Amino acid sequence: MKLLARFLPALLLILANAVDANTEKAIFLGPDSVSLASFTTKLNGLSIATLTPSQPKLSTSLPVAFPTADQPRGLEAWYILDFLNRQQRYEVRICWAATQPTEFWLGVFTIPQFLDDAALFQQFTRAGQNKSDQENATTGPAERSVLLLRVQSAADFFTANQTLMSSPPPVDVDIILDPYIANIFPASLVSTAIYILCLALGSWLASRVIWSALSWSRSAGKAHSD
Ligand SMILES: *[C@@H]1O[C@H](CO)[C@@H](O)[C@H](O)[C@H]1NC(C)=O
């Protein structure tokens, strides 16, 4: 019983991690503000789904492909991370169900990096299917802290079903932009942390009560048989 009580918190932590297992993330700082004029010109009317601190979550379905020599990381999707705070730490996570085995890679690029790198821009236009219904956020200061997010997704399963092997179905994902509190702890994990702490504390208290009840009944039983 005591052993269980000791290991329960650790077990809970492992479980919490297991639930989160299908998560890939990138951690970064909000970059310096830049003028978006040349970037907007380069987009040429293409509107791309955007995550901002006030709209931090996007649920979508991403097309995937099996890795090939040409595309070792499958297919690409691009998003804009807008209205960041300069020098604030963020993480961006992608979460998906274990029933859809996929490998994801996340990369973030600043606007100058993106504009200076012809290869990146080529990837970007090739992936140009991520148009959003939302209007591109044109309201706001002309200079903003903005990053581009690249999501690469490769199917990661094997089945004898030829249909599935030749065209793996799109994967349902949540993409979440999460600011860190005081640059050390992701804001959205605070409630989870409190929950796990309460569970651990609760189970510790419960085990103490049960343990003392057990040892009391044992000593009472001993006294009786004497
Ligand atoms: C292969 O997978 C597809 C899509 O899930 C399904 O419709 C089809 O029935 C499967 N074929 C076989 C032979 O199981």
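Start with contacts across the chain. Of the contacts in the protein with a separation of 6 or more, 88% are between residues 24 or more positions apart. Contact here means heavy atoms within 4.5 Å.

A word on the source. This is a predicted model, with local features needing pLDDT of at least 70 and side-chain atom pairs counted only at pLDDT 80 or more, while totals for chains, interfaces and linings use all residues. Residues are numbered from 1 along each chain as its sequence is written, and side-chain values use heavy atoms, with hydrogens and water left out.

Now the overall make-up. The protein has six helices and ten strands. Helices (H or I, at least four residues) and strands (E, at least two) are DSSP runs, numbered from the N terminus. The protein has 226 residues, and 33% of them are buried. Buried means under 20% relative accessible area, exposed means over 50%, and partly exposed is in between, with a 1.4 Å probe and protein chains only. The accessible surface is about 13600 Å². Carbon and sulfur atoms hold 60% of that surface. These areas come from the Shrake-Rupley method with a 1.4 Å probe; for residues, only the protein chains shown count as cover.

Next, salt bridges. The rule is a side-chain nitrogen of Lys or Arg within 4 Å of a carboxyl oxygen of Asp or Glu. How many salt bridges does that rule give? The count is six.

Take Glu 91 and Lys 25. Their side chains form a salt bridge at 3.4 Å, N to O. Glu 91 sits in strand E6 (residues 89–96) and Lys 25 in strand E1 (residues 23–29), so this pair ties together parts 66 residues apart in sequence. Is each end buried or exposed? Glu 91 is buried, at a relative accessible area of 0%. Lys 25 is partly exposed, at 44%.

Glu 91 has another partner. It forms a salt bridge with Arg 93, with the closest N and O atoms 2.5 Å apart. Glu 91 and Arg 93 are both buried.

Another pair is Arg 144 and Asp 82. Their side chains meet in a salt bridge at 2.8 Å, N to O. This pair links distant parts of the chain, with Arg 144 in strand E8 and Asp 82 in strand E5, 62 residues apart. Both residues are buried.

Now a charged pair without a salt bridge. Glu 76 is in strand E5, residues 75–84. Arg 150 is in strand E8, residues 143–155. Which side chain of opposite charge is nearest to Glu 76? That is Arg 150, 4.4 Å away. Glu 76 is buried yet has no salt bridge. Arg 150, too, is buried and has no salt bridge. For charge, Lys and Arg count as positive and Asp and Glu as negative; His and the chain ends are not counted.

What does Glu 76 have instead? Polar contacts. A polar contact is a pair of N or O atoms within 3.5 Å; within protein, one must be able to donate a hydrogen and the other to accept it, and residues adjacent in sequence count only if both atoms are side-chain atoms. The side chain of Glu 76 makes such a contact with the side chain of Trp 78, at 3.2 Å. The side chain of Gln 152 is a partner as well, at 3.3 Å.

Arg 150 has a polar contact of its own. Its side chain meets that of Gln 123 at 3.0 Å. Leaving aside neighbours within four places in sequence, Arg 150 is in contact with several residues, among them Trp 105, Phe 109 and Leu 120.

Two loop positions next. Gln 71 lies in the loop between strand E4 (57–62) and E5. At 31% relative accessibility, Gln 71 counts as partly exposed. Gln 71 and Ala 154 are 83 residues apart in sequence, but 9.0 Å apart in space, C-alpha to C-alpha.

Ser 47 is in the loop between helix H2 (37–43) and strand E3 (50–51). Ser 47 is buried, at 18% relative accessible area. Ser 47 and Tyr 79 are 32 residues apart in sequence and 9.8 Å apart in space, C-alpha to C-alpha.

Last, the ligand. Which residues surround it? Asn 161, Thr 163 and Leu 164. Taken alone, the ligand exposes 360 Å², and the protein buries 25% of that. A polar side-chain atom of Asn 161 lies 2.3 Å from an oxygen atom of the ligand.

Terms used:
Near = heavy atom within 4 Å.
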